[in-house]
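Have a look at the model first, then read on.

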Amino acid sequence: MLSDSQYKVDISKYFAGPEVQSEELGQYCLNKVMHFDNYISNSGYLSLLRRSYRAYYGYATNDWWHQASNIVFDGEQGELALMKMNDYRSILTNFLSLITSQKLNFDPRAINNDTESLAQTLVASSIIEDVIKNKGLQAKSTEAVEMSLWGAESFIYTYWDRFKGQLIGSDPIDNQNYYEGDACSEVFLGLDVIREPQTKNFDDCEYFIVRKWVNKYNWAALFPEKRDEILNAGDEAQLNRMGRFLTPMQWSQNQNQDYVPIYILLHKKTPACPDGRHAIMLGSGGVTLVDEPLEFNSVMLERIAMANIKDTP
């Protein structure tokens, strides 16, 4: 369990409000992460997902050895070979086949019937076809559905990555490179999308903090002004490992620390946060790398869930 005293914040300020400066935003967000992780741990939800993960991938109930592939010999002279059949995975993969058997197919339609509007639908069709084919949208949607079957819920996060595409220039003063940018989408497990535990349903959530693991050396190259803070980042905090509690890997400080967690704040436009807020922070120390108003009218985060738990987000 995480300590409530780990991150001190001023409760007179709204954590994502304009009165909170970039330098202190990380501490406020890590405090929210801590409370969410405590909630899913104390409520038994994390334990439930662990059991589901182990059953789906064939691990032992209370250990990380792969039980489904273990052949046991029995009989009077060991003439019988016994192997566990994973009925749980079989049932869920059958559901997955039924749900995703029909490929993605979008048909843009013009609201107006003038020539220009009709021509724009042809452009939209070409863009949609390119996104599905070249951006892997079909594969990611299938991955999200599969994850939601054993993990209760999943999210598809769509965003504009300013560091993608061709290099178009650089600033010699701050040594910053500028790229064309490109649209990207990623799939996340519900454990890695932090929300306010006190909300009664998902639609009432005003903010999301997405936990993502990145290569710190790549990010040090993208943010040269924060290079030292990024390279010194580690996984010393328990909250940073919460998203990997489902995996068989046993992480420790003695292992390779190339990959570290970052947190992406997506706050809707509300009276307390009128411009919305989009920020990226290091999981170690809460150093803020990006802090800007929300670019779009929505947070561009789509949830896939088989069902909702009443009075929870």
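## The overall picture

How many helices and strands does the secondary structure of the chain come to? The count is seven helices and twelve strands. Bear in mind that this is a predicted model.

The chain has 313 residues, and 40% of them count as buried. If you take the contacts between residues at least 6 apart in sequence, 63% of these join residues at least 24 apart.

## Salt bridges across the sequence

The salt bridges come to eleven. One of them pairs Asp-182 with Lys-135, whose side chains meet at 2.3 Å, N to O. This pair links distant parts of the chain, 47 residues apart: Asp-182 sits in strand S6 (residues 182-189), while Lys-135 is in the loop between helix H4 (115-134) and H5. Asp-182 counts as partly exposed because its relative accessibility is 27%, and Lys-135 goes into that class at 28%.

Then there's Glu-153 with Arg-195, where the closest N and O atoms are 2.7 Å apart.

Glu-292 has a relative accessible area of 24%, so it is partly exposed. Arg-162 has 40% relative accessibility and therefore counts as partly exposed.

Some salt bridges join up: Asp-37, Asp-192 and Arg-211 are linked in a network of them.

Which residues make the nonpolar surface patch of about 520 Å²? It is made by Ile-91, Phe-95, Leu-98, Ile-99 and Met-306. Ile-99 belongs to helix H3 (residues 87-100), and it counts as partly exposed because its relative accessibility is 44%.

There's a charged patch as well, a negative one formed by Asp-174, Glu-225, Asp-228 and Glu-229. Glu-229 is placed in helix H7 (residues 227-231). With a relative accessible area of 36%, Glu-229 is partly exposed.

## Two residues and their contacts

Ser-141 is in helix H5 (residues 137-151). Why does Ser-141 count as buried? Its relative accessible area is 15%, and buried means under 20%. Not counting residues up to four places away in sequence, Ser-141 touches Leu-104 and Ile-156.

Tyr-178 sits in strand S5 (residues 176-179) and counts as partly exposed, at 42% relative accessibility. Leaving aside neighbours within four places in sequence, Tyr-178 is in contact with Gln-166, Leu-167, Ile-168, Gly-169, Ser-170 and Asp-171. Tyr-178 and Lys-164 are 14 residues apart in sequence, and their C-alpha atoms are 9.3 Å apart in space.

## Positive phi angles

Met-300 isn't a glycine, yet its phi is positive, near 60 degrees. You'll find Met-300 in the loop between strand S11 (288-292) and strand S12 (301-305). Its relative accessible area is 31%, so Met-300 is partly exposed.

Asp-311 is not a glycine either and has a positive phi of about 65 degrees. Asp-311 is found in the segment after S12, and at 42% relative accessibility Asp-311 counts as partly exposed.

Notes. Residues are numbered from 1 along each chain as its sequence is written. This is a predicted model: local features need pLDDT of at least 70, side-chain atom pairs count only at pLDDT 80 or more; totals for chains, interfaces and linings use all residues. Side-chain values use heavy atoms; hydrogens and water are left out. Helices (H or I, at least four residues) and strands (E, at least two) are DSSP runs, numbered from the N terminus. Buried means under 20% relative accessible area, exposed over 50%, partly exposed in between (1.4 Å probe, protein chains only). Contact means heavy atoms within 4.5 Å. Patches are made of residues with over 30% relative accessible area and no salt bridge: like charges are joined within 9 Å, nonpolar side chains (Val, Leu, Ile, Met, Phe, Trp, Tyr) within 5 Å. Accessible areas come from the Shrake-Rupley method with a 1.4 Å probe; for residues, only the protein chains shown count as cover. A salt bridge is a side-chain nitrogen of Lys or Arg within 4 Å of a carboxyl oxygen of Asp or Glu. Lys and Arg count as positive and Asp and Glu as negative; His and the chain ends are not counted. The place of a charge is taken as NZ of Lys, CZ of Arg, CG of Asp or CD of Glu.
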